[in-house]
Every structure is written in C-alpha cells, then in structure tokens.
Amino acid sequence: MKFTIPYNTIKALLLAAGKNDTRYYLNSILLDVRQNDSVLVATDGHVLLALPVAPDGIADDVPYTPGQYIIPRDLLETVKPAYKGADVTIEIIHHPVTFDAIRPNTPVKHPPTVAIHAGGTKLTGALVDAQYPFWRRVVPREVSGIVSQFDAEYIGTFGKINKLLGAKYSPAIAHNGAAEGDGGAARVHLICGIGVIMPMRYGNATALDNPSWLNTSPAAVAAAA
C-alpha cells in the first residue's frame, strides 16, 4: 500500500506533530486507513492537522487495507526530496506469516514496516508501536461562532501549514468560544484539509483593557503638555 504525496505535505504535518513529547506517539505522524478513506494526522496536543490522502493505483471502489500506522518523526526528518516541491512515496509493507524454526506448526506474525521513497533513495524503518488518540473526536462538528482567544504561535503555525499545502492566503478559523469560560476547540479550514486549535485559557491571558497611555481624552492631553 503506497501513498505518493508532495514533500511539503510531510513538512506541514511535522509542524503540527509533537517534539520530544513524553507521549512519544505524538512525536510522529499517523496514517489512519479505514475501509474507504485514509488520512494523515499530526498533533502535539495544542494543534491538530488532518489531511486526506489516496493510495496509489487503487480505484475508489476498492477497499483499503484498514489500520493505524504511526510513522516515526526521526525517519520523516531524514527524507531528502529529489528537488524542491518533489513528491515522496510512503509505503506500508505487510509481511507474510512465517513459521517458527523450532516449532514448525507455530505461525509467526510480523508487524508491518514503513518505507519512504524520495530522490531515488529508499528509507525503511519500524512503525511506532502504540495506540494513537482517537483524533476524530477532537474535531468539532458544530461551532458556536463566538470568538475565542488563541496563542498567536499556534495561529502562525497554521499560516505556515496552509502555505506549505499550496494556499496563497491564511486559513479561516471557525470559532467555537463560549459566552462564559474558554469554549471549545476551533476548526481551521485549510486548502486541502482540516485543522484544530485549542483555545487559550483566560487564566493565562493578559488583561485585554487598553493601557492608560493610550488615553486621548482632553484632560490627558493637557496633562502631558
């Protein structure tokens, strides 16, 4: 099962993936394959990126090979495309069952591995052995439309992601705030996928009132003269 994607897609996913997170499976990219669709996913717990992909050479009416395949970050970071903007191919390799040499009647199952083809080279490695979070539950199906406060760094991350995916403009945020409190996760509409951004907690936000030195009342102007 192979998936050919632009190299910039990998770069975009790595921007959303964790780095040195104690939840080691977040320091990776998930290839989530269901019966009739497949999605590449990355999250660090603050932002999430989900990009639909299609396997090579398989028609829409042919079932995929279901499974969750977690591709390690260190393998993806070593990928070198043939040229700027080139495609790379991610291949999930399923190995046949063998039989134990000592107990010939005992079948031995081998876990799938991953190979990445780029620039005429082939990188191979083991998949991360873990259970990835149920990411679809995080994506809000409905949003309130009430504006939330966000960490500016996370908003900037999605701006970079959208450009890597080929967009000329910034993504749109479907706000999901609340009249009181922090609200829920917002949905980010990207050129070819969906993002999620968690709101900033009001307890961590600085005061939103204008500082006194912005006062332009006549009294303030006279006092400054």
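Biologist: What is the strand order in the open sheet, and how do the strands pair?
Modeller: The order is S1-S6-S9-S10, four strands with antiparallel pairing. Strands are DSSP runs of E, at least two residues, numbered from the N terminus. Two strands pair if DSSP finds at least two bridges between them. This is a predicted model: local features need pLDDT of at least 70, side-chain atom pairs count only at pLDDT 80 or more, and totals for chains, interfaces and linings use all residues. Residues are numbered from 1 along each chain as its sequence is written, and side-chain values use heavy atoms, leaving out hydrogens and water.

Biologist: Which are the edge strands?
Modeller: Strand S1 (2–6) and strand S10 (121–126), each pairing on one side only.

Biologist: And the twist, what's the average?
Modeller: 20° from one strand to the next. Axes are lines fitted to C-alpha atoms, for helices over the stretch in contact; angles run from 0 to 180 degrees between N-to-C directions.

Biologist: How many bridges join S6 and S9?
Modeller: Five, between residues 87–93 of S6 and 113–118 of S9. In that pairing, isoleucine 90 stands opposite isoleucine 116 in S9.

Biologist: Which strands does helix H1 lie across?
Modeller: S1 and S6. Helix H1 spans residues 7–16 and runs at about 85° to S1. Helices are DSSP runs of H or I, at least four residues.

Biologist: Zooming out, how many helices and strands are in the chain?
Modeller: Four helices and 13 strands.

Biologist: What share of the chain is buried?
Modeller: 38% of the 225 residues. Buried means under 20% relative accessible area, with a 1.4 Å probe and protein chains only.

How values were computed. Contact means heavy atoms within 4.5 Å. Buried means under 20% relative accessible area, exposed over 50%, partly exposed in between (1.4 Å probe, protein chains only).
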